[in-house]
Amino acid sequence: MKTVFTTCTRDCPGTCSIIAQVEGEKVVKLRGNPNHDVTAGFLCKTTAHYLENYLYSDKRILHPLLKVDGNWKKISWNEALDIAASQISKVIKPHGSQSILYYQGFGARTALQAMNKRFFNLLGGVTTTYGTVCGGIGHTAMTMDFGEKKSHDPMDHLNSDIIIIWGRNPAVTDVHLWRILRKAKKNGATLIVIDPVKTKTAKHADLFIQPAPGNDHYLAIALGKIIIQKDLDGKDNLVDHNFIDNYTSNFHSYQQILDEYSLQNLSCKCGVEIPVLEELARIYAEGNPSSIVTGWGVHRYLQGHLAFRMIDALAAITGNIGISGGGVSQGFEEYEYFDFSLEMDELGKNQRKFPMPQIGEAILSADNPPIKLIFLASGNPVNLNPNSLKVKEGFESADFVVMIDHFLNDTSDSADLFLPATTYLEEEDLMGSYGHYWVSPVNPVIPPLGEVKSEFEIFQLLADRLGFGDEMSGRPKKWLMKLADPILNQSISFEDLCSAPQKMSRDPEIPFSDGKFKTKSGKFEFIEDFSPNNTRVENYPLRLLSTMHKDFVGSVVPEDELADGFLNIQIHPDNLHDKCLNDGDKALLESPVGNLIVKINANEEVRKDYILTYKGGWLKYNKCVNVLTPDTISEVGEGTPYYDTWVRITPLI
């Protein structure tokens, strides 16, 4: 039996280091790499079942497909590539290269995808996207406070006395981080979970705080107010005056914001009783040290940056910045280790950018030129982006849509040409991570199944047909070596990088332990402008929270989800009585942009101010929550405020 080291490339912070076992040309087992301190020898449930549910699934597409009269027809690669190249040439001549939209999703996050962008820059530059449907809000907020986004190594949480998990459910969405946090708890750390949803993580916490959704900034203000007031009263020594005086700016402005609110008012706004706020403030401030791990749940609001900045401020006033076991950690920049100059942006003179959170509207509104051709890789925007029906309309308004993926899905229903791609078990690449500091190799474990090709090879073959093949030619290793140049400058050989995961060194190892911040002042900068808005929508009294389903990876769902049905929602029983609705009933869920027939699950653990459901269910099976989410963009960070979706529920007529 042969073993090969490779890496999971799916949209997950774990970025598991995998040991694949092969018999002949068949992968028979995947196991976690025990020599990787985060993967730690085990895999998440979906990766453990990746072989039967994904790689060898009978629903995986292994041959190019062309849509003819509304039905998919199998064609050869030569025909598929000729069609794609012809469509590119066909639209560029009369409309220019801006009439092509290249949409790069987050389904895979590898270094070699830089070659995709190089291809489109060699065309002269096309329309691409800016912003994110993921975590840009908090990243921008952290940059405003610290000057850059830097998180503590996950293993450093083992040095924490107190750990607050704020708006995150690692027991479901990041099981490797959860293992570390559970180990910290076993070693004596106190785990506190702050989340409007009583998640699997919350059920294992020492203390669970369930605030009103969208009001985390008021909760963080209340904690800061209590900590500072207790210090002023001389009751407790909770504030680190040395850190504030020597390493921060704008503290007076922050104090003024706190002074604008009474504790009673803040308690009412965040939905947490004052004694609970006081206990939480004391525990966090007395921790020696205390860390905060923030999650994607905090990002998904129009003004999510306010919560992040107020959370960062808690770490600053208590001196939990720059110390082992402290800090505010939300993620890592998976691409920071690579040299992306080979994308050749300087050649993309005709670049135009559309906001990813509003991609449907942007396509429909495009003029001079309009979008005529869409090229999509590693994404399912019709399903996962807000206002799904508008995204679908936008994609269907283009003359031709080319899609690279593994499976047919909601977006492929709007595509004309489907090009089947390799998985991480059939290709060569490198991976950073947004969950830790490791860079890992993606090594081919078996030859590609059927006729599938890597994205890299597809764009090389298209470049050959379009007359600039020389600029894209060469084996993956040639380009990966160029991409990895910053890593190789850390005295890591390319051979070592390709053979096993490498942990990147950091200077300093503990973020900001040198007291240096890349802000204008060179110090941590407290928030100065606090102008919260009320996002409520008249006649729509409840927020809609759509979280990650424990069995889903994005919109990759289990077999039993692939059938007509209803989106399951969870709602507090008190919200059903005046509507004459009961547990198990079907009902109409409406937002200002759409409606959906749903199935009711009464749940007393859900707060009365929101409805809970899951994302990733398919549009074609009546389970896509993003039919309801408006296509707005966050005030800061160009992110997607999924949780500023307001809904009402009514009986079916």
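**Entry 1: K453 and its partner**

I looked up K453 first, and at 17% relative accessibility it counts as buried, where buried means under 20% relative accessible area, exposed over 50% and partly exposed in between, with a 1.4 Å probe and protein chains only. The side chain of K453 meets that of E457 in a salt bridge at 3.5 Å, N to O, the term standing for a side-chain nitrogen of Lys or Arg within 4 Å of a carboxyl oxygen of Asp or Glu. E457 itself is partly exposed, with a relative accessible area of 30%. I also noted that salt bridges with shared partners join D11, R109 and E334 into one network.

For the record, this is a predicted model, in which local features need pLDDT of at least 70 and side-chain atom pairs count only at pLDDT 80 or more, while totals for chains, interfaces and linings use all residues. Residues are numbered from 1 along each chain as its sequence is written, and side-chain values use heavy atoms, with hydrogens and water left out.

**Entry 2: other salt bridges**

I noted a count of 32 salt bridges by this rule. Side chains of opposite charge can pair when their charged atoms come close.

I then looked up D153 and K503, whose side chains meet in a salt bridge at 2.7 Å, N to O. D153 lies in the loop between α5 and β8 (162-166) and K503 in strand β20 (residues 502-503), so this pair ties together parts that are 350 residues apart in sequence; helices (H or I, at least four residues) and strands (E, at least two) are DSSP runs, numbered from the N terminus. D153 counts as buried at 10% relative accessibility, whereas K503 is partly exposed, with a relative accessible area of 34%.

How far apart along helix α12 do E286 and R282 sit? They are 4 residues apart in this helix (residues 274-286), and therefore separated by about one helical turn.

**Entry 3: backbone details**

A cis peptide bond joins N288 and P289, with omega about 0°. I recorded a cis peptide bond between D507 and P508 as well, again with omega about 0°, and P508 is found in the loop between β20 and β21 (524-525).

Turning to phi values, I found that S491 has a positive phi of about 65° although it is not a glycine. S491 is placed in the loop between α20 (485-488) and α21 (494-499), and at 73% relative accessibility it counts as exposed. For C580, phi is near 55°, a positive value in a residue other than glycine. C580 has its place in the loop between α22 (574-577) and β24 (586-590) and is exposed, with a relative accessible area of 67%.

I looked up D367 in the loop between α15 (359-365) and β15 (373-377), and it counts as exposed at 59% relative accessibility. The C-alpha atoms of D367 and S99 are separated by 9.0 Å, although the two residues are 268 residues apart along the chain.

**Entry 4: cavities and a pocket**

On a 1 Å grid over the protein atoms alone, a cavity is a set of points where a 1.4 Å probe fits but cannot get out, and a pocket is an open set with protein on both sides within 12 Å along at least five of seven lines; lining residues have an atom within 4 Å of a point. Grid points are joined across faces, edges and corners, and a volume is the space filled by probe spheres set on the points.

I noted 4 cavities of 30 Å³ or more, and the largest cavity has a volume of about 90 Å³. Of the 14 residues that line the largest cavity, R168, L177, S329, F332 and G435 are the closest to its centre.

The second largest pocket has a volume of about 1000 Å³. Its lining is made by 43 residues, of which F106, K117, T129, G131 and Y335 lie nearest the centre. I found that β6 (100-104), α4 (114-122), β7 (127-130) and α5 (136-146) each supply at least two residues of this lining.
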